[in-house]
Amino acid sequence: HNQINKTNHDELLINSNAHTPPMGPLIIEITPKEQNTIMRVGRLLAQAFDSYEDFDYISKIHLYAFQFLPERITRLLNNFSTDFSQNQYGAIVFRGLVDVDQEALGTTPPNWQNTDYKKLNIYGFICSLLHGAIPSKPVQYFVQRKGGGIMHAIIPDANMDYSQTGSGSKTDLFVHTEDAFLYNQADFISLLYLRNEEEVPSALYSIRSHGAMDNDMDALFEEIYKCPKDGNYTIENEKTNSKLTSILYGNRKWPFMRFDAAEQIFNEKVEQSPKAMKNLLSFWDKAKNLIYDKFIPDSGDMIFVNNHLCAHGRNSFVAGQKRKNGKIIQCERRQMLRMMSKTSLINIRHVTHINDPYLIIEEHYGDLFDLE
Ligand code: RE
């Protein structure tokens, strides 16, 4: 048989005449055998290394990914890093990627600050391996939690429940590409759901769902749009708030996207120019109809996103409450693990910490944090 399997890519190119845009993520059902392999590899690595942040481990993740991950998953992710075509939605759902022992996980902490990362070690290894298969390097951003490690627990926090951040819950989290206020935002993001008993749907929105760009979209390539830092910050000075970027970039017909609906359109303090706001509103008019929100993550599911093609968000919810037989009952609060990665540490060296090329210290559009 074929030593080297051809991917679907070639077939898709042949059929590209009768093209309908991708309207939702690729959904992959992980087989029990694959899940088994993944859990075993996670356990093995957790025994061999103390932490998924161990330098010896993290500098070799591509090697480990290609050696140990089930081949089907490695192939899919490898293809994901090079396919920016009209067929590429920019998000893959891996259903049942990991088996989460709910009892061992214990009760969800009140907020991310109280996370016990020792309990999450195996998931850190597994998530980093998937990024390694792209191949891409897990990184952390000083602008989020002052770094806070390469994997962040995302937990609803009762004190922040109305915020447009990962700690919010009571308002819809509008679709956004991660860190739209940075030039060196994540290339890839993984969202691993440990529990989602509230059954909160995830929202995804891909620029590919519009099909090819037409002249209508030209205005979005102009560098006339502001994006404030996210809801964790207040807009503090005029200098950083006045930097302008485009929404679309890269190829004119099949572009990439940097977009945050909440911050760029609905944040009243953003002060877009009238022209920019008019363009954003007519863009949002189309975009909002293309949002996919049919997927409700279950425990063990992962959403893997190309952050240049696909935006993410979620509906509002009441943390710690679920509906059963028409009644509202108490449940364990939602818990998700996020990891972000860059495909090159070389291209971001001008914005990484002097002693840590995995720590990005960009604060807002090219401005750096002063950490001296
Ligand atoms: Re996000």
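Before the sheet, I noted that helices (H or I, at least four residues) and strands (E, at least two) are DSSP runs numbered from the N terminus, and that two strands pair if DSSP finds at least two bridges between them. I also wrote down that this is a predicted model, where local features need pLDDT of at least 70, side-chain atom pairs count only at pLDDT 80 or more, and totals for chains, interfaces and linings use all residues. Residues are numbered from 1 along each chain as its sequence is written, and side-chain values use heavy atoms, with hydrogens and water left out.

I found an open sheet of three strands in the order 5-11-7, paired antiparallel. Its edge strands are strand 5 (173–176) and strand 7 (202–206), each pairing on one side only. Two bridges link strand 5 with strand 11 (residues 310–314). In strand 11, His312 stands opposite His176.

**Cysteines.** How many disulfides does the structure hold? Zero, taking a disulfide as a pair of cysteine sulfur atoms within 2.5 Å. For Cys310, the nearest cysteine sulfur is that of Cys227, 17 Å away. I then checked burial (buried is under 20% relative accessible area, exposed over 50%, partly exposed in between, with a 1.4 Å probe and protein chains only). Cys310 is buried because its relative accessibility is 0%; Cys331 is buried too, at 14%.

**Ser163.** I located Ser163 in the loop between strand 4 (151–154) and strand 5. At 16% relative accessibility, Ser163 counts as buried. Leaving out residues up to four places away in sequence, Ser163 touches Gly168 and Thr171, where contact means heavy atoms within 4.5 Å.
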